[in-house]
Every structure is written in structure tokens, then in C-alpha cells.
Amino acid sequence: MRADYVMVGGFLGAGKTTALLRLAEHFTAQGRRVGLITNDQSQGLVDTSMVAAKGYPVEEITGGCFCCRFNSLTEASDRLTRDARPDVFLAEPVGSCTDLRATVQYPLRRLYGDDYRVAPLSVLVDPKRAARVLGLEQGRGFSPKVQYVYEKQLEEADIIVVNKSDLLNGEERSALEDALRRRFPRAQVLTASARTGANLSDWFDRLSGAIDTRPAMDVDYDTYAEGEALLGWLNATVDVASATSFDGNAFLDRLAVGVHTRLSAKDIEIAHFKMTLSPDSGADLAVLNLVRTDARAETPHRLAEDLSRGELIVNLRAEGDPDTLKAVALAALEETAAAGGVTAAIAHVEHFRPGRPQPTHRMAAP
Ligand SMILES: Nc1nc2c(ncn2[C@@H]2O[C@H](COP(=O)(O)OP(=O)(O)O)[C@@H](O)[C@H]2O)c(=O)[nH]1
Ligand SMILES: [Mg+2]
């Protein structure tokens, strides 16, 4: 029996991890075994800790995207097979990556077609971000080379999923769908909400369909590399502790305000800023997300109780200099810790711009 291989792409903050967890629930309810693969340019991922907290088997591929670490992807699948024997793999590529059809989907099909049935490539979008990129709405956004990467992601999709339908009225929804269909005629377009579950069954059904075997798109790797490198990345893992117990939710909120205010003042566009705080005792997890500089922070998960010691993970991706992102995050952390009587010891921090993508394989046809 071949396992299904489902890849869910889309830009940073589109809702890939949320949607992957929905898919995992869906397949588990059908009695199937799932294995998840998260991916990032660096270690210490909020996504991995969120997926692991839900109890799903997960492998993390760090230090590069699937396309540049293709062998790590298949090795991770082999490890999952050994440990959990999944019959569905759910893989989330790095949100700043494109050309996945030529560098992952087609190579998987051609080289590992006996092991996997490769599902159509889904690309999720945040509706606000997409409306701005497509010129339907005015507002802050990314510079042209970052937008190039964004548009290339859409161009190669088998299925474009306009996510977060709960944020749209009927008119906005059809305007966005129409614009996407006009601009990307090869893609199936649908609107759903990974958060509320609305219309997800339509997406799930389409995943069992065939992939479009069109020739891979043209990509200007210089523009792609420059666009990707305009995005700064910062990851930090921090041990937080206090002699008396403290309110972890308030701590995260205050830290987010500190980072957000400073980035706004510097006119830096946030792609995705996410944090988790997990107390050392118990299995609870607080999550905070912010997906645009002019949006509000969201907290899909809160801690039920105060904590005295825990681990904070900060993942920030924004169109700005990594040194600035680090300085901003550390200043906000210091301020928040001091105000709350909390000590914050940095266990790991890294900040960088992604290097030039150099795919292991590139196949123009399936
Ligand atoms: N309103 C709304 N928010 C969503 C939905 N799906 C995801 N989000 C939020 O979007 C943010 C980014 O989600 P995440 O899954 O981490 O995105 P990723 O970077 O693409 O993996 C988080 O705050 C999610 O809670 C949705 O359907 N509706
Ligand atoms: Mg994610």
C-alpha cells in the first residue's frame, strides 16, 4: 500500500500548521495513521512544539527547505515509517519557499512513486495578505521581490485555499476568488477556514484527486533568492522563571506588544511572529501569533494556570535586518521580564537571512 503524501504550502502566516492539524484530525477520524513533517530554516520551532503537544508523530527538518534538503525529507519519512508507520504524510514546507512542484512534488513522484501517492499541491493564503498582493486592497505590504516569491507560490498551486474565511464577508470572498481564478487559471480555488472548520471537507475531497502534470513554471532564481533574503529570521528559546508564580498569558501579551511596537516604529513588515510558552510542569501551552504589522496579536491557546518556570520559544520572520529583529526581541524581552519580576535566560538564539535556494533536484515535468 502506498502512503499518501500531502504537502501544504503557502506564505508565512497563511495558516499551514493550523490546517495540517485539521488534516491530521480528519485522517485520524477515518482510522488512518498520520505522520507530520515540519520544516524551517533553523531549529527551535513553535510549529513542532504545537504539533507534538497534540500527540502526533512529528519530524522536524531544519537548516533549509525541503527542496534544498530533499534527502532529509525522504529520510524523515523513513524514520516516521519505522516509528509510526503512517499511511498519510503531512508536510509543511518553509513559508518563504517556492518552486516546490519542480523540486519536491515531481521528484517525489518520479523517484518514490512506488512508496507514495503524491497529492495535489495546496497553497494556502491569508485573505488580507492576498488581497493586498493582488491589488484589491490598499495597505502595508512587502517589497516587490518578496511579492515575487508570494506570487510564484500561487502560480504553481494545484489548489489555492483562501484560508480564514471567518474574516471575510461574501463580497470580499468572491472578489478574491475571482481575482485568483483570473490570475492563476490552472489552479482550483476554494475558500475555507482552518480555524472554524468551514468548508474544509471540500478541500479534503480534492486532495484525493490527481495532480496537474503541467510543466514546471519558470522561476528567476536570482529574484527568488533576493526576495527570500529580504526576510530576516530570528529564533530564540528562553528559560523563564520566577520565585513566585506568574501569569504566563500576560507575560506573552506584554512581550508581543513590546516587539510589535518597536517593529512598527521602524516600519518593518511582519510576515509571521509566533511564540509559545510551555510550563515545565504539565502539558499546557500558550500560543501567540501575529501575521502583519497592521494586525492584532492572536492567542489561539492560553494557559489555564500561572507558572513558576517554563520555556519560551520566539520565532519572528519579518522583512527587515536580522540584527534589528534580534535587538528588538531582546530589548522587549528584557523589559517584559523586568516588569514581571521574571528572569529570562536565553538558551538558544539565532538570527539570519535565508541563503540562496539550491535545490537537490529540479524536474520540469512529472
Ligand atoms: N481567523 C483565522 N485565523 C486563522 C485561521 N487559520 C489559521 N489562523 C491563524 O493564523 C495564524 C498563523 O497560523 P499558522 O497555522 O501558524 O500559519 P503558518 O505560518 O502558515 O503555519 C495563527 O494565528 C492562526 O491561529 C482561520 O481559519 N481563521
Ligand atoms: Mg507553520
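**Reading a predicted model: pocket, ligand, strand, serine**

Mentor: The second largest pocket has a volume of about 240 Å³. This is a predicted model, where local features need pLDDT of at least 70, side-chain atom pairs count only at pLDDT 80 or more, and totals for chains, interfaces and linings use all residues. Residues are numbered from 1 along each chain as its sequence is written, chains are lettered from A and ligands numbered from 1 in the order in which they are written, and side-chain values use heavy atoms, without hydrogens and water.

Trainee: How is a pocket defined, and which residues lie nearest the centre of this one?

Mentor: Take a 1 Å grid over the protein atoms alone; a pocket is an open set of points with protein on both sides within 12 Å along at least five of seven lines. Lining residues have an atom within 4 Å of a point. Points join across faces, edges and corners, and the volume is the space filled by probe spheres (1.4 Å probe) set on them. Here 14 residues line the pocket, with Met1, Ala3, Thr81, Arg85 and Pro86 nearest its centre. Helix α3 (residues 70-84) gives the largest share, three residues. Helices are DSSP runs of H or I, at least four residues; strands are runs of E, at least two; both are numbered from the N terminus.

Trainee: How does the lining divide into nonpolar, polar and charged?

Mentor: Six nonpolar, two polar and six charged. Asp, Glu, Lys and Arg count as charged; Ala, Val, Leu, Ile, Met, Phe, Trp, Tyr, Cys and Pro as nonpolar; the others, Gly among them, as polar.

Trainee: Which residues are closest to ligand 1?

Mentor: Count residues with a heavy atom within 4 Å of the molecule. Of the 20 around ligand 1, the closest are Gly15, Lys16, Thr18, Asp166 and Ser193. A ligand oxygen is 2.9 Å from a polar backbone atom of Gly13. Another such distance, 3.1 Å, runs from a ligand oxygen to a side-chain N or O atom of Lys164.

Trainee: Which strands pair with β6?

Mentor: Pairing takes at least two DSSP bridges between two strands. Strand β1 (residues 3-10) runs parallel to β6, joined by three bridges. Val8 has Ser122 as its bridge partner in β6. β7 (residues 159-162) also pairs with β6 in the parallel sense, over four bridges.

Trainee: Is Ser96 buried or exposed?

Mentor: Buried means under 20% relative accessible area, exposed over 50%, partly exposed in between (1.4 Å probe, protein chains only). Ser96 counts as buried because its relative accessibility is 1%. Ser96 sits in the loop between β4 (88-92) and α4 (100-112).

Methods: A polar contact is a pair of N or O atoms within 3.5 Å; within protein, one must be able to donate a hydrogen and the other to accept it, and residues adjacent in sequence count only if both atoms are side-chain atoms.
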